Amino acid sequence: MGSTKKDTYEVVVVGGGAAGLSAALILGRSRRSVLVVDAGEPRNAPSAHMQGYPSRDGMPPGEFLAVVREEVAGYGVELVRDRVTAADPDGSGEFEVALADGGRVHARRLVIATGLVDELPDVPGVAERWGKDVLHCPYCHGYEVRDQPIGVLYRKATGIHQALLFSQLSDDVTLFLDDAGQDDLPDSDWQLLAAVGVSVVRGRVSGLVVTDDRLTGVRLADGRVVDRSVFVVPTRMAPRDTLLSALGARTQETPAGPFVEVDPTGLTSVPGVWAVGNATGPAEQVINAASGGYRAGAFINAQLVLTDAQRAAERRRAGVFSAEGEEAVARARRVTGVGA
């Protein structure tokens with residue numbers, strides 16, 4: 001992916017993950033001029049595979065994106081490896097977009113698909129094993145670790161939710177309370193954990209035990225080691241919303257914190273700006289992100305068609321005809337006999 005070939009595009013897509021590429025695909029098929037600016041930092045890069053996408057289940061994320069980029073480029077969409085540093089309204093409802101390499105392009109519409117960042121708990125060893133045997137999502141990786149000894153790190157914000165979900169996949173699940181005390185769990189939670197067979201370990205988690213590049217245990221501050229081959233951790237999901245904030249897009253509160261507010265098509269509170277994928281919420285996994293991008297792309301195209309038709313009609317009502325246009329109409333009438 002090289003530098004931009006033009007100065008003006010109908011749509012600039014910021015972010016080249018599943019959501020952004022899906023929007024670009026439907027826009028390219030609608031013969032729109034589209035630029036995708038991708039910084040190359042997909043959320044699922046640490047994962048060896050992605051799951052739950054029909055016909056692509058188990059495919060490595062990087063391979064998936066490479067295939068989609070090739071498809072998108074086949075429709076004339078331009079893709080560049082760069083970063084958008086600013087997107088400023090130009091006063092006419094369109095945008096001037098600045099790139100990190102110093103380039104600037106004009107866009108009639110924007111699609112923000114910048115995703116989010118998983119901020120990991122501050123436990124030694126977690127970051128190094130992230131995406132391998134330190135996980136967070138039962139739907140993304142749960143089946144692959146079925147029947148293994150699974151540890152789940154407790155946090156008040158997520159409660160016992162993950163422990164219950166992973167108990168469906170293994171009969172050997174342990175919840176680590178870490179810095180939480182026994183009284184931090186209500187009686188109803190203790191009853192649920194006991195009912196599904198989840199054991200509970202008290203004491204602060206001080207790190208992980210790794211042997212031959214495999215997780216083998218969870219170490220506690222008092223020196224105890226609990227044998228585990230999988231460790232599930234809650235993450236703080238922080239949207240990459242710098243551009244959206246600078247544009248003044250409204251946010252809304254979610255269980256995972258504030259995310260940009262969008263309508264069912266992905267349109268934000270800023271006219272001409274759509275947000276799709278994990279930029280809009282934590283639950284947008286690959287298949288959901290692709291769906292959201294498709295919807296946004298189709299709606300943007302329909303809006304542009306209507307806008308251009310309305311402008312053309314206004315020009316006709318205003319009597320703005322060029323000499324070339326009048327000559328073309330006259331030739332058509334002579335050929336068809338209209339007006340003879």
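## Hairpin of β17 and β18

Strands β17 and β18 form a hairpin, with 2 residues between them. The model described here is predicted. Strand β17 covers residues 251-254 and strand β18 residues 257-260; the two run antiparallel and are joined by 4 bridges. Within this pairing, Glu-253 stands opposite Pro-258 of β18.

## Aromatic pairs

The count of aromatic pairs in this predicted model comes to 3. One of them is formed by Tyr-53 and Phe-64, whose ring centres are 5.3 Å apart; the pair is tilted because the ring planes meet at 55 degrees. Tyr-53 belongs to the loop between β2 (34-38) and α2 (61-73), whereas Phe-64 lies in helix α2 itself, so this pair ties together parts that are 11 residues apart in sequence. Phe-64 has a relative accessibility of 7% and therefore counts as buried, since the limit for that class is under 20%.

The rings of Phe-176 and Phe-231 also pair, with centres 5.9 Å apart; their planes stand at 80 degrees, so the arrangement is edge-to-face. Phe-176 is part of strand β10 (residues 173-176) and Phe-231 is part of strand β15 (residues 230-232), so the contact ties together parts that are 55 residues apart in sequence. Both Phe-176 and Phe-231 are buried.

## A charge over a ring

A further ring contact involves a charged side chain: Arg-146 lies over the face of Tyr-143. The distance from Arg-146 to the ring centre of Tyr-143 is 4.0 Å.

Methods. Residues numbered from 1 in each chain as written. Predicted model: local features only at pLDDT ≥ 70, side-chain atom pairs only at ≥ 80, totals over all residues. Heavy atoms only, no water. Phe/Tyr/Trp six-rings, centres within 6.5 Å; stacked < 30°, edge-to-face > 60°. Buried < 20%, exposed > 50% of the residue type's maximum accessible area, 1.4 Å probe, protein only. Lys NZ or Arg CZ within 6 Å of the ring centre and 35° of its normal. Pairing = 2+ DSSP bridges.
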